Amino acid sequence: CEPADVVLNGGAGENAYTQIGHGLTSDVTGNADNVRQAGNKTGNISISNFANIDLNAGGARDSYTQIGHGGADSDGTKTGDITLTGATTAGSRGNITLAGGGGQDAYSRIGQGGQQSNDPKSGNIEITNVVDVDMDGGSGADSYAQIGHGGSFNGGNHNGDVMVHMGTGIEMAAGASRQAYSQIGHGANQGRSETLTGDVTVITDTGDITMTAGRPVKDDNTV
């Protein structure tokens, strides 16, 4: 079959997230009955023969997009490899885009974890057969873009290799709000992780790797 696009868009309402992987968010503003989502989440995630992958977070709180286990305020061990392999034919390959949104905690990520997601996270992440990768932090607080395990205010050990191989380059830009970072690798701003382990390999065949910090807000917007 012909390669097609994989598109995940966050919504306009609170907790209007989209996710490929186990888990969910149970955080609702002002709800005294909120219970953090527990339980282990395991299994490999594989997407192959795609043209483009677009992760676009939304404009409301926790309207995140994610390929990986976990989610905002998700506890329990999260483990499994994540393999994204683009179209076999070079002429059919496209891009991978991760864009943070306008809402608080409206992040976009490829990896285990999520905003304030505790406990260990592990598994290798491999991205191949793509033209380029574009990662942009958003305009909301903690609206980061990340390839790797973790997220802001995360706890637990993070383990696994991260490999991104693209044809023409990668652009990473932080957003215009606090902690709207752009990152390849484990961990995050104000992470509470004990150990972060694994090789991080970024390969571009012909293009550049461009990294741009955002407008500083309490020195949190870094690439």
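Let's start with contacts, meaning heavy atoms within 4.5 Å. Of the contacts in the chain with a separation of 6 or more, 82% are between residues 24 or more positions apart.

A word on the source. This is a predicted model, where local features need pLDDT of at least 70, side-chain atom pairs count only at pLDDT 80 or more, and totals for chains, interfaces and linings use all residues. Residues are numbered from 1 along each chain as its sequence is written, and side-chain values use heavy atoms, with hydrogens and water left out.

Now the fold. The chain has 18 strands and zero helices. Both are DSSP runs numbered from the N terminus: strands are E, at least two residues, and helices are H or I, at least four. Of the 223 residues, 50% are buried. Buried means under 20% relative accessible area, with a 1.4 Å probe and protein chains only.

Strands pair if DSSP finds at least two bridges between them. Take β6, residues 78-79: two bridges join β6 to β10. Thr79 has Ser122 as its bridge partner in β10.

That brings us to Lys121. Lys121 sits in β10, residues 121-122. What is the nearest side chain of opposite charge to this residue? For Lys121 it is Asp119, 7.2 Å away. Here Lys and Arg count as positive, Asp and Glu as negative; His and the chain ends are not counted.

Lys121 does have polar partners. Its side chain makes a polar contact of 3.1 Å with the side chain of Asn154. The Lys121 side chain also reaches the backbone oxygen of Gly155 at 2.8 Å. A polar contact is a pair of N or O atoms within 3.5 Å; within protein, one must be able to donate a hydrogen and the other to accept it, and residues adjacent in sequence count only if both atoms are side-chain atoms.

Beyond four places in sequence, Lys121 contacts include Lys78, His149 and Asn159.

So, His149. His149 lies in the loop between β12 (145-147) and β13 (158-159). Is it buried or exposed? His149 counts as buried because its relative accessible area is 0%. The His149 side chain reaches the backbone oxygen of Gly123 at 2.8 Å.

Methods
A salt bridge is a side-chain nitrogen of Lys or Arg within 4 Å of a carboxyl oxygen of Asp or Glu.
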